[in-house]
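User: I would like to learn how to read this model feature by feature. Please start with the terms for how accessible a residue is.

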Amino acid sequence: MQVLRGGIRQSKRINDNPESSASLVPTARNAAPNRGRGRGRGRGRGRGGMNPEENQKLVGPSACGRGCNGINLPVRQVVENSAEKPVAVKEEGSTSSLPERVQLGNSPVYKLDRKLGKGGFGQVFVGRRISGGTGCSGPDAFEVALKFEHQNGKGCSSGPPYEWQVYSTLNGCYGLPLVHYKGQLGGYYILVMDMLGPSLWDVWNSNNQMLTEEMVACIAVEAISILEQLHLKGFVHGDVKPENFLLGQPGTSKEKTLYLVDLGLASRWKEAASARHVDYDQKPDVFRGTVRYASVHAHLGRTGSRRDDLESLAYTLIFLLRGKLPWQGYIGENKGFLVCKKKMGTSPAALCSLCPPPFQQFLEIVTNMKFDEEPNYSKLISLFHNSIDFNSSIHPIQIDGAIKVGQKRERSLTELEDGEQLKKKVRLGSPASQWISIYNSRTLMKQRYHFNVIDSRLNQHVEKGKEDGLYVSCVASSSNLWAIVMDAGTGFTSQVYELSPIFLHKEWIMEQWEKNYYITSVAGACNGSALVIMSKGTPYTQQSYKVTDVFPFKWINKKWKEGFSVTSMTAAGNKWGIVMSRNAGYRLQVVELDFLYPSEGIHRRWEKGFRITSAAATEDQAAFILSAPKRKSQDVMQETLRTSAFPSTQVKDKWLKNLYISSICYGRTVS
Ligand SMILES: Nc1ncnc2c1ncn2[C@@H]1O[C@H](COP(=O)(O)OP(=O)(O)OP(=O)(O)O)[C@@H](O)[C@H]1O
């Protein structure tokens, strides 16, 4: 089918235009690498499982690059903390070498007593005051909690634990234990803090692994107000889970008071100097948090923001109420990915089918929040209004903070109801496979497309195109049928292609590299075969490709550092094929990867001047590479479209607006 272009009109609009009104319920792949530090089962596992094949063209002495090294690990990473007592693992900071007595500066002298707990980073003991101090609370308390982190410990390679900095800023914040002293002794960094009681996990466990609706509702409202206060100070906690909520000491007036501990993964959502919201980013191989309770955005490596604490709180509450989450029980290297896929594939209605309505409402609101959206804490608290008698002074958990927030409730409710009408639900809908087509503004150009092409007809279309002065600019596959887009604006001078049952057939590609052809587009079919287009006339000076079972962000990151850019990519079944080239003309590239069309991320990147330059999708995930050009020439307008059928009619409308297909793929979206 040939369609000629006509009409020149320059519009300036960025549009993200799904054919169907999209809302989502996805499934997933390649989310959180199960690695890093944590208690129990998950400790110290690597990511692995993504090294099938990498080929590289070198200019000069040829070589074949393999391996993926050199990625920076985040400050701390925690894998799923199974709700079991920490497994005793002897490591740096073992009890044997702990100082028996602790005095930091002018603090009282504390004698080390029983162990209160242990995390991936620290060990916490009771410190019993033996001299100094006269009072009975705060630093003078008869018993305090001493948190030890060894100087050679993983979190202390460049000085005192990061948590110290956070406590310095947040000390005194509502709902956090007070830190009274900190200092170094006997090879340890030591925090002296208020001693607290059992964690919510302990309470849940000793209550037959189930808590009452009223109890969990009280936890909900008080936890929301603690998070509100923490957020007000510009921080997000980053590891909200039952183990990190502690009650006050049993037998004291604080035994029903809720506290939030462990600020080791806290980060700023608001910049200290400018008070601006931190910038959005996604690093798909970076995971911080605890797999079971982490937000989907955290699994996907997105910069943490207030919404993530609330999503983790939602999973925490449902766990405490129901005793189980549907993504428990996954094991192995792919655990993070499978858990994230399950989270995305479980609708709030399904997850909360046995919970009272406020829990589903809470989950729906928080999972539909934008990256920089300010949570409406009083609205969230008010959801639990009917489960709690706010007029009573006796509650299973004290809700002082929530009652204060509640005083503002009336006004906020009205505000929210209006705003809510307009809000697009970002995580609702059914998984679907669709065409994702991307259009760039260009000057008048001849473009042609063919779709539903069977293998044997490919040659005819390609040859006819060549006769008419057109080269293949992008290819895709759906149901083992090919779609090819040809145009007169590629700048190529010669082109070859191969359709092979082998996904990215190495021998053929290397043969063409020898003849100075470079891969310019690739498409994989679900039967595993691939169509590889190689061209002359590209600016590339070196090329490399990789085939993997999980999206190879780590390899991409390594190659970025070596000066390569992603220039094409595709997927076949669950396999990804990524091509990277040197001298592609991009200053910077970023990745958007999600279990659904990552609308918000794409818009944020567009705003920063990035444009989609490659797209690929498996049945589970869609990936987009967005690039910022080296030369800041004219702003390229870009639109995307999602359609269940090949967008043949829509393409013609786009042409009328001087928008031409620049990338196309078929795979994961939502309808
Ligand atoms: N102030 C406290 N009073 C009583 N117990 C405490 C206190 N602080 C911490 N704990 C206990 O010690 C455990 C470990 O503390 P914390 O979570 O701060 O350590 P961590 O090494 O930073 O943990 P993680 O591996 O989760 O990052 C907690 O789960 C809790 O049981």
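Analyst: Buried means under 20% relative accessible area, exposed means over 50%, and partly exposed is in between, computed with a 1.4 Å probe on protein chains only. This is a predicted model, in which local features need pLDDT of at least 70, side-chain atom pairs count only at pLDDT 80 or more, and totals for chains, interfaces and linings use all residues. Residues are numbered from 1 along each chain as its sequence is written, and side-chain values use heavy atoms, with hydrogens and water left out.

User: Is Cys 173 buried or exposed?

Analyst: Cys 173 has a relative accessible area of 3%, so it is buried. Cys 474 counts as buried too, at 6% relative accessibility.

User: How many disulfides does the structure hold?

Analyst: In general, a disulfide is a covalent bond between the sulfur atoms of two cysteines. The criterion here is a pair of cysteine sulfur atoms within 2.5 Å. The structure holds 0 disulfides. For Cys 474, the nearest cysteine sulfur is that of Cys 665, 10 Å away.

User: Which residue is the bridge partner of Cys 474 in E16?

Analyst: First, the terms. Strands (E, at least two residues) and helices (H or I, at least four) are DSSP runs, numbered from the N terminus. Two strands pair if DSSP finds at least two bridges between them. Strand E15 covers 471–478 and strand E16 covers 481–487. They pair in the antiparallel sense over 7 bridges, and the partner of Cys 474 in E16 is Val 485. In E15, 8 of the 8 residues are buried, so this strand is largely enclosed by the rest of the structure.

User: Where is Gln 209 found, and what is its phi?

Analyst: Gln 209 is in the loop between helix H2 (200–206) and helix H3 (213–232). Its phi is positive, about 55 degrees, although Gln 209 is not a glycine. With a relative accessible area of 36%, Gln 209 is partly exposed.

User: What is the order of the strands in the open sheet, and which strands stand at its edges?

Analyst: As a general idea, the side chains in a regular strand alternate between the two faces of the sheet. Here 3 strands form an open sheet in the order E23-E25-E24, with antiparallel pairing. The edge strands are E23 (586–594) and E24 (611–617); each has a single partner strand, so one side of each is left without a neighbour in the sheet. E24 is joined to strand E25 (residues 622–629) by 6 bridges, and Arg 611 stands opposite Ser 627 in E25.

User: Which domains does the assignment give?

Analyst: Domain bounds come from an automatic or database domain assignment. The chain is divided into domain 1 (101–194), domain 2 (198–407) and domain 3 (433–668). The C-alpha centres of domain 1 and domain 2 are 26 Å apart. Contact means heavy atoms within 4.5 Å, and by that criterion 13 residues of domain 1 are in contact with 20 residues of domain 2.
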